[in-house]
Amino acid sequence: MIQYIFRFIPASVSLVWVIVSVSVLLFLYVQLSVLSRREPPGPRPLPLLGNLFQVDLKRLDQSLFDLSKEYGPVFLVSFGPKKVVVLAGYRTVKQALVNQANEFGNREVTPIFYDFNKEHGILFANGDSWKEMRRFTLSTLRDFGMGKSISEQRIIEECGWLIEEFDQFQGKPFDDTHTISYAVSNVLSGLMFGKRFEYRDPLLQAIVNRDNETIYLTGTASILIYNMFPWMGPWLKNWKALMKNMEDGKADLGKIITELKDTLDPDTCRCFVDVFLTQKQNLKGNNHTHYHDDNLLYTVMNLFAAGTDTTATTINWCLLFMAKYPHIQERVQEELNQVVGSRQVRIEDRKNLPFTDAVIHESQRLANIAPMAIPHTTSKDVIFQGYFIKKGTTVLPLLTSVLYDESEWESPRTFNPSHFLDKEGKFIKRDAFMPFSAGRRVCLGESLARMDIFLFFTSLLQHFSFTPPAGISEDELDLTPVVGFTLAPQPQGLCAVRRQ
Ligand code: HEM
């Protein structure tokens with residue numbers, strides 16, 4: 001057919017026709033490939049420094065949330081020479097972490113995280129080792145009762161010790177941060193080591209206080225700068241403090257692990273460490289095993305670091321909100337009186353305590369303790385919402401923008417338990433409630449954390465009312481967070497006043 005047409009067209013014209021067609025095709029091809037490799041928008045970066053002057057490193061999550069209003073739900077910022085894709089808003093974060101879980105499910109191992117774990121353990125690891133450690137840890141912790149009645153029993157026992165400890169302050173103001181961390185840490189210690197510590201035990205205090213400091217220092221501006229320019233490490237005070245914390249932590253937990261190793265009986269495993277050591281023995285001689293001493297030590301350290309401060313900080317926020325909003329505290333206590341009375345609260349009571357449950361969820365939402373989750377990277381080149389994101393790009397799922405998403409929450413910036421209640425006062429789940437993140441990297445300890453928070457919070461409110469210290473009004477209690485890797489309440493010396 002084409003030959004037939006060309007017979008009637010002069011040779012020069014057909015040559016022009018061919019050239020024009022090829023050019024048009026070439027132009028379309030170039031345009032399409034440019035479009036398919038279009039980077040997300042974002043503020044114009046300066047050479048070397050990137051967008052460092054356009055963000056507030058002291059409140060990075062908030063500043064990125066503000067930028068998302070200008071540049072949309074997927075945008076690019078440069079921290080020094082490093083390009084980072086920020087995901088904002090519930091729909092976008094869910095689309096990436098859940099619908100494209102594999103593409104967005106790798107962990108970013110920044111220089112400071114590499115220094116911490118050398119890519120062993122779970123938090124800052126990837127690939128087969130991460131997969132095996134995560135699977136093994138979840139199934140072993142479940143066998144030891146994580147999220148089940150055995151850990152409920154352990155938490156209830158710890159509630160008793162915590163109440164006794166609070167009683168010693170006789171209603172006077174005190175900083176409850178450390179005490180709550182010791183209680184939470186003891187629940188983990190039961191699962192990991194098969195034992196609890198006295199709150200005054202210097203070893204428990206050292207492990208917990210060091211982890212709290214590490215989590216705070218990791219989020220400071222100087223460590224964000226270290227991640228951009230790692231050669232600066234030896235000149236940074238916070239980096240040196242973190243390295244010392246890591247070494248001391250390894251020594252302390254290493255000692256506990258050695259004691260368990262020396263008394264190991266594979267037939268009666270007492271705890272997580274015993275099961276790991278037995279597995280290691282069973283796989284002796286296998287050169288490719290992931291069950292080696294580094295993975296054991298760093299997995300144990302990861303669980304303490306990820307599980308203690310986060311849970312204790314959340315309970316601290318819950319108590320601060322109660323002191324600030326006494327009418328809500330009274331309603332929680334009334335509900336507890338009616339449904340539970342003076343007996344010990346149990347997990348199965350939760351379904352009959354809708355207002356209390358809503359208050360806990362609302363506290364977690366507003367407290368927003370892990371505002372940027374933990375950075376991810378893309379595992380392959382990906383086209384997302386029309387933008388090209390290269391394999392290995394750092395991705396920040398901005399949980400602040402999910403928990404405060406204006407299109408999801410009726411009053412995102414206020415403490416409003418009705419966010420989780422229907423018209424009849426029944427508890428309702430909300431999809432945008434995502435403090436544990438989502439997808440492949442979702443918090444491994446979510447079920448344990450939820451049990452801890454519910455039982456500690458309700459047991460404390462059965463026995464105490466929380467109030468500001470004398471001379472300070474509820475309005476004066478400050479909700480501005482202390483910013484580290486997590487957002488913690490400022491210590492304000494609340495009083496735990498005995499009710500019964
Ligand atoms: C209120 C308490 C807690 C909160 C708000 C919380 C939140 C989070 C968040 C936001 C992440 C990052 C997810 C991501 O990268 O997308 C995470 C990861 C993790 N959490 Fe939690 N967490 C809590 C308690 C716990 C507890 C009790 C444990 C241990 C038993 C734990 C162990 C972990 C681990 C091991 C990871 C890393 C998972 C991975 O990289 O595969 N967390 N958590």
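# Helix packing, a sheet and a ligand shell

Biologist: How do H8 and H13 pack?

Modeller: Helix H8, residues 177–193, packs on H13 at an angle of about 140°, and the axes are 8 Å apart. This is a predicted model.

Biologist: What do you call that, oblique or roughly antiparallel?

Modeller: Only angles over 145 degrees count as roughly antiparallel, and H8 and H13 are therefore oblique to each other.

Biologist: Left-handed or right-handed crossing?

Modeller: H8 and H13 cross in the right-handed sense.

Biologist: Which residues of H8 make the contact?

Modeller: From H8 they are Thr177, Ile180, Ser181, Val184, Ser185, Leu188 and Met192. On the H13 side the contact includes Val300, Leu303, Phe304, Gly307 and Ile315. By class, the contact has 9 nonpolar, 7 polar and 1 charged residues.

Biologist: Over to the ligand. How many residues surround it, and which are the closest?

Modeller: The ligand is surrounded by 26 residues, and the closest are Gly307, Thr310, Ser437, Cys443 and Gly445.

Biologist: Which elements give two or more residues to that shell?

Modeller: Those are helix H13, 293–324, and helix H17, 446–463. H13 provides the largest share, 7 residues.

Biologist: What is the shell made of by class?

Modeller: It has 16 nonpolar, 7 polar and 3 charged residues.

Biologist: Now the sheet. What is the strand order?

Modeller: The order is E1-E2-E8-E5-E3, in an open sheet of 5 strands with mixed pairing.

Biologist: Which strands stand at the edges?

Modeller: Strand E1, 74–79, and strand E3, 106–107. Each has a single partner strand, so one side of each is left without a neighbour in the sheet.

Biologist: And how does E8 pair with E2, parallel or antiparallel?

Modeller: Strand E2, residues 82–87, and strand E8, residues 394–397, pair in the parallel sense over 4 bridges. Val84 has Thr394 of E8 as its bridge partner, and Val85 stands opposite Val395 in E8.

Biologist: In which sense does E5 pair with E8?

Modeller: Strand E5, residues 376–377, pairs with E8 in the antiparallel sense over 2 bridges. Thr377 stands opposite Thr394 in E8.

Biologist: One last pair. How are H14 and H15 placed?

Modeller: Helix H14, residues 326–339, packs on helix H15, residues 354–367, at about 140°, with axes 8 Å apart. H14 and H15 are therefore oblique to each other. The crossing is left-handed.

Biologist: Which residues meet there?

Modeller: H14 gives Ile328, Arg331, Val332, Glu335 and Leu336, and H15 gives Phe355, Thr356 and Val359. By class, this contact has 5 nonpolar, 1 polar and 2 charged residues.

Technical notes:
Residues are numbered from 1 along each chain as its sequence is written. This is a predicted model: local features need pLDDT of at least 70, side-chain atom pairs count only at pLDDT 80 or more; totals for chains, interfaces and linings use all residues. A residue is near a molecule or strand if its C-beta atom, placed from the backbone, lies within 6 Å of it. Ala, Val, Leu, Ile, Met, Phe, Trp, Tyr, Cys and Pro count as nonpolar, Asp, Glu, Lys and Arg as charged, and the others, Gly among them, as polar. Two strands pair if DSSP finds at least two bridges between them. Axes are lines fitted to C-alpha atoms, for helices over the stretch in contact, and angles run from 0 to 180 degrees between N-to-C directions. Angles under 35 degrees count as roughly parallel, over 145 as roughly antiparallel, 65 to 115 as roughly perpendicular and the rest as oblique. A crossing is left-handed if the near helix is turned anticlockwise from the far one by less than a right angle, and right-handed if clockwise. Two residues are in contact if their C-beta atoms, placed from the backbone, lie within 7 Å.
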